[in-house]
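Here is my note on the model, as numbered points. Please read it beside the coordinates.

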Amino acid sequence: MYSNTFSLKDVVLLDGPFKHARDLNIQTLLKYDTDRLLATYLKEAGLPEKASLYPNWEGLDGHVTGHYLSALAMNYASTGNQECKELMEYMILELKACQDANGINHPEWGEGYAGGVPDSETIWSNLRKGNFDAYRSAWVPWYNVHKMYAGLRDAWYYAENEDAKDIFLKFCDWGINITSDLTEEQMQSMLDTEHGGMNEIFADAYRISGDEKYLTAARRFSHRMLLDTMSSGTDNLDNKHANTQVPKATGFQRIAELSGDSKYADAGRFFWETVTKNRSLAFGGNSRREHFPPESEYIDFINEVQGPESCNSHNMLRLTEHLFRTDPSAKYSDYYERTMLNHILSTQHPEHGGYVYFTPARPRHYRVYSAPNEAMWCCVGSGMENHGKYNQFIYTHVRDSLFLNLFVASELNWAKKDILLRQETNFPYEEFTRLIITKGSSQFVLMIRYPSWVKDGDLKITVNGNPVSFNEHPSSYISIDRKWKEGDEVLVTFPMHTSVEQLPNIPDYLAFFHGPVLLGAKTGTEDLKGLIADDSRWGHIASGERLPVDEAPAIINTNKNDITEMIIPVQDKPLIFTLPSSVLNSGDDMILEPFYRIHDSRYIIYWKILTNGK
Ligand SMILES: [Zn+2]
């Protein structure tokens with residue numbers, strides 16, 4: 001399925017922040033009510049519901065269910081958790097019953113359908129005839145069903161559930177049939193509405209089955225508004241809804257990977273380049289009020305409380321995984337690390353496990369969290385998945401090469417080589433990682449990532465205590481080709497330094513990093529209204545008082561070259577720094593710490609830089 005990827009069960013997380021997040025997330029998942037998640041699927045299939053529908057985000061009922069299925073599959077694959085397995089198998093049985101019932105109860109349009117979109121009958125029976133009225137007045141039907149497509153695919157891929165594959169392919173056939181009478185023009189008109197990664201789904205069906213009809217469908221579901229511009233290197237993203245676009249690009253890249261089509265490859269690559277280089281904040285996220293701002297409006301990131309949305313980063317990481325498969329360049333793993341560490345990890349509350357929707361960059365604002373069974377947001381759905389796949393990208397392989405992409409404590413079972421390998425590290429709290437071959441012996445090339453955040457010449461590698469010489473520079477991979485044997489030990493030392501990064505297009509707002517870690521400062525806990533969101537439609541937006549931006553602490557500096565020297569490491573507390581009052585325009589010393597650890601608090605991540613006292 002994914003040629004460079006190890007099974008989740010073959011990469012075991014060891015103690016650290018990612019394992020903590022994964023384990024907590026399993027507990028969170030088990031608090032949800034599977035029958036309530038399934039209720040809309042039964043209802044639309046004409047079967048009796050076993051529990052009441054979730055009331056929140058009505059109209060998009062069922063979207064979280066697909067994510068939930070993906071999450072159960074991933075966590076079962078990673079940990080062997082039997083409750084996850086049983087819930088997943090129960091859901092698949094119920095979904096199969098729904099699919100069968102749809103064929104019987106809705107012969108006109110429902111053969112193979114396994115969706116839960118409210119009022120499915122009106123939407124799909126009309127869409128089939130080219131009448132999009134009900135489709136357009138509903139809340140993003142293809143987006144909704146895309147989540148269940150992905151859930152079924154994941155239950156097959158991660159958890160090897162063959163029934164899920166069967167339901168998935170029949171559901172794909174439904175998707176082809178329901179659109180078979182639509183002209184190309186009608187298809188493109190239909191794709192003007194958010195539709196998730198439907199093109200990726202059909203590409204995956206092609207990969208699974210080998211049947212070309214799915215590849216044809218993948219192209220038919222590719223939105224030319226984005227494909228044509230991105231493939232020609234034109235960024236037309238201004239004012240577009242961000243998370244509508246990212247999954248389309250993910251599908252472009254997947255089609256390119258499986259078909260070799262260069263137009264799709266150009267589109268996937270350019271989309272990633274322009275979003276990560278021109279449109280992303282320090283923690284890897286993008287969008288304000290869910291949209292990509294035009295260049296002239298980037299100051300909105302400072303003013304707006306609806307900062308980057310978690311779903312976007314979830315999907316950007318998926319696109320990054322796909323791109324890395326055809327081009328294993330360190331720029332992709334650098335972005336992956338930055339976003340996984342500073343955004344994705346930060347979007348889970350480390351105690352109650354709630355998920356975050358928006359991460360505002362507005363100084364002295366805050367984030368709100370979901371509660372189980374209440375806030376059925378899109379970012380709850382993608383959040384359910386996020387913390388179950390931290391082990392997916394730590395290692396990848398290409399033939400006889402093993403890529404060490406991420407510095408996360410873990411054990412890898414490379415079954416094909418009969419190699420067991422252990423990575424011991426307390427990164428990012430320490431500046432090295434140790435790889436130990438704990439079993440087996442085999443010739444292979446170890447590709448070690450030279451992170452972009454290490455200064456040129458600072459990275460050191462030893463094998464069994466002997467220094468390895470290399471000519472590579474930051475943001476590359478260093479290859480070590482040898483016959484590895486049990487007991488071999490590789491020590492990679494990556495000194496971190498402090499750096500700053502400006503808000504895109506807004507040079508007088510800077511964020512601090514230490515190594516890859518975005519630093520933030522807590523600024524207070526006043527009026528954290530809705531901190532744990534209720535069931536209301538807009539509960540995902542932190543609606544407490546907006547403290548005046550122009551009264552937020554700012555840094556006085558006349559020479560930006562020495563700005564990193566203004567922050568002072570706190571002894572024996574890795575990644576903690578003091579921002580002394582002497583460089584601030586008012587107030588006391590402030591403490592900088594990893595942003596991903598800041599919760600239940602107002603914070604600053606972008607600092608206004610005052611020059612000449614202004
Ligand atoms: Zn979202």
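**Notes on the predicted model**

1. Start with the lining of the largest pocket. Three elements, α14 (262–278), α17 (330–344) and β12 (498–503), each supply at least two residues to that lining. Helices (H or I, at least four residues) and strands (E, at least two) are DSSP runs, numbered from the N terminus. The top contributor is α17, with 5 residues.

2. Some ground rules. This is a predicted model, in which local features need pLDDT of at least 70 and side-chain atom pairs count only at pLDDT 80 or more, while totals for chains, interfaces and linings use all residues. Residues are numbered from 1 along each chain as its sequence is written, and side-chain values use heavy atoms, with hydrogens and water left out.

3. More on the largest pocket. Its volume is about 550 Å³. The lining counts 24 residues, and Thr 276, Tyr 335, Arg 338, Ser 452 and Glu 501 lie nearest the centre. A pocket here is an open set of points on a 1 Å grid over the protein atoms alone, where a 1.4 Å probe fits, with protein on both sides within 12 Å along at least five of seven lines; lining residues have an atom within 4 Å of a point. Grid points are joined across faces, edges and corners, and the volume is the space filled by probe spheres set on the points. By class, the lining has 7 nonpolar, 10 polar and 7 charged residues. Ala, Val, Leu, Ile, Met, Phe, Trp, Tyr, Cys and Pro count as nonpolar, Asp, Glu, Lys and Arg as charged, and the others, Gly among them, as polar.

4. The second largest pocket has a volume of about 270 Å³. It is lined by 18 residues, with Trp 139, Glu 194, His 241, Glu 290 and Tyr 357 closest to its centre. Here the classes are 9 nonpolar, 5 polar and 4 charged.

5. The whole chain has 18 helices and 20 strands. Its C-alpha trace spans about 70 × 60 × 45 Å along the principal axes. Buried residues (under 20% relative accessible area, 1.4 Å probe, protein chains only) make up 62% of the chain.

6. Which strands form the open sheet? The order is β1-β4-β5-β6-β11-β8-β9, 7 strands with antiparallel pairing. Two strands pair if DSSP finds at least two bridges between them. The edges are β1 (11–13) and β9 (466–467), each pairing on one side only. Strand β8 (residues 460–463) is joined to β9 by 2 bridges. One partner pair is Val 463 and Asn 466.

7. Look at Phe 393, in the loop between α18 (378–386) and β2 (395–398). Is this residue buried or exposed? Phe 393 is buried, at 3% relative accessible area. Beyond its neighbours within four places in sequence, its contacts (heavy atoms within 4.5 Å) are Glu 321, Phe 324, Ser 333, Tyr 336, Asn 405 and Leu 406.

8. Last, helix α5 (residues 120–128). Its buried residues are Ser 120, Ile 123, Trp 124, Ser 125, Asn 126 and Leu 127. Their cover includes α2 (34–45), α6 (133–137), α7 (141–157), α8 (162–178) and α9 (184–190). Gly 130 follows α5, and its phi is positive, near 85°.

Definitions and conventions: Buried means under 20% relative accessible area, exposed over 50%, partly exposed in between (1.4 Å probe, protein chains only).
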